[in-house]
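Please read the points below alongside the coordinates.

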Amino acid sequence: MPNLAFVNGTWSSLEDAKISIEDRGFQFGDGVYEVIRTYGRAIFGLSEHLARLKISADEIEISLPYSPSELESFIRQGCLDSQHKDTSIYIQLTRGVAPRSHAFPKGVQSTLVMTFRETTRIPTALREKGVSVISVPDMRWGRCHVKSLNLLPNVLAREEALRSGAYEAILVRDGIVTEGAGSNLFAVSGKKIMTTPIGASILSGITRKIVFQMGLEEGLDMRECPLVLEDLYRADELFITGTTVEVLPVVELDGKKIASGRPGKMTSLLQEAFQKYVQGKRTCKDSRVVKD
Ligand SMILES: Cc1ncc(COP(=O)(O)O)c(C=O)c1O
């Protein structure tokens, strides 16, 4: 089964795809991206991902070379042609190719690259047993709602986590927990299920939004409120959300067990609701798994 690439309208195998070394994405990280996945033929949160791509692009003044419906049909074509059971779709939009100079180049066409690779779900053992995380200082810029290509702080934080035997790094800025290096975080205390409010300090995760909405629909006490590290150490349950991790229990933070050190009831309930949603067995207001 081929892994496919799309570069400004041209399809090829992933290996044959080329972009210029003068692309500003390569030289400055001057661009934005999205990662979308499919479950079989269902594309998870497609309209939400395309809307977020547009928001990110607008924020840094890059124009999208295609309308959302054109992009959607390219994405569908890529998924069909790559013939994977489950596909990870990467979309990268940059300010285009120009001689290296910091200021925006004039009259340059943006670059839109997409790749379609086979993906698999996160191992069942991790989903059932949970993972450990560490906290690290959030060294990112002040506009984390933009899904920017500049991921160096996230890369270093994740590497630090892996080197210490943890799965994810939880970022803390000025004492406030923001999110994971590549995920959003929820903490459960009693009946309250809390997550950092949307704003410039976090990426507004599509999975976060769907999980939050499903929680409300289940009658759970879902709240957006600032959290400090102490809240996490004292929490009854923690979990992270994201396109790749789905709903993943966190059972240890900085070497300390969270409650009993086992995934909790609320996490399991939301994990189950999420599974039903991606299998098309339940709906969620305002969000849909888009099928062909
Ligand atoms: C920093 C950050 N936060 C949160 C998320 C989760 O977002 P989503 O659920 O849209 O995948 C990601 C995903 O890449 C991320 O990089």
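1. A residue is called buried here when its relative accessible area is under 20%, exposed when that area is over 50%, and partly exposed in between. Arg95 therefore counts as buried, because its relative accessible area is 8%. The model is predicted, and the values in this note should be read with that in mind.

2. Arg95 has a charged partner. Its side chain meets that of Asp30 in a salt bridge, with 2.7 Å from N to O. The two residues come from distant parts of the chain, 65 residues apart: Asp30 sits in the loop between H1 and strand S3 (31-39), and Arg95 in the loop between strand S5 (87-94) and strand S6 (111-118). Asp30 is buried as well, at a relative accessible area of 11%. In total, the model has 20 salt bridges.

3. A second pair is formed by Arg140 and Glu179, whose side chains meet in a salt bridge at 2.7 Å, N to O.

4. Which residues come nearest to the ligand? They are Lys147, Glu179, Ile206, Thr207 and Thr243, out of 17 residues around the ligand.

5. A side-chain N or O atom of Thr207 is 2.6 Å from a ligand oxygen, a backbone N or O atom of Ile206 lies 2.8 Å from one, and a polar side-chain atom of Lys147 lies 2.9 Å from one. Of the 380 Å² of accessible area that the ligand has on its own, the protein covers 91%.

6. Strand S7 (residues 131-137) is mostly covered, with six of its seven residues buried. S7 runs parallel to strand S15 (residues 246-253), joined by three bridges, and pairs in the parallel sense with strand S8 (residues 168-173) over five bridges. Val133 stands opposite Leu253 in S15 and opposite Glu168 in S8.

7. Glu168 also forms a salt bridge with Arg158, the closest N and O atoms being 2.8 Å apart. Glu168 lies in strand S8 and Arg158 in helix H5, so the pair ties together parts that are 10 residues apart in sequence.

8. Gly165, in the loop between helix H5 (152-163) and S8, is exposed at 57%; its C-alpha is 9.8 Å from that of Gly255, 90 residues away in sequence. Glu22, in the loop between strand S2 (10-13) and H1, is partly exposed at 32%. The C-alpha atoms of Glu22 and Ala98 are 5.9 Å apart, with 76 residues separating them along the chain.

9. Ile19, Ile21 and Phe26 make a nonpolar surface patch of about 350 Å². Phe26 lies in helix H1 (residues 24-28) and counts as exposed because its relative accessibility is 60%.

Technical notes. Residues numbered from 1 in each chain as written. Predicted model: local features only at pLDDT ≥ 70, side-chain atom pairs only at ≥ 80, totals over all residues. Heavy atoms only, no water. Patch = residues over 30% accessible without salt bridge, like charges linked within 9 Å, V, L, I, M, F, W, Y side chains within 5 Å. Areas by Shrake-Rupley, 256 points an atom, 1.4 Å probe, with all protein chains shown as cover. Salt bridge = Lys/Arg side-chain N within 4 Å of Asp/Glu carboxyl O. Helix = DSSP H or I, 4+ residues; strand = E, 2+ residues; numbered from the N terminus. Buried < 20%, exposed > 50% of the residue type's maximum accessible area, 1.4 Å probe, protein only. Near = heavy atom within 4 Å. Polar contact = N/O pair within 3.5 Å; in protein donor to acceptor, adjacent residues only side chain to side chain. Pairing = 2+ DSSP bridges.
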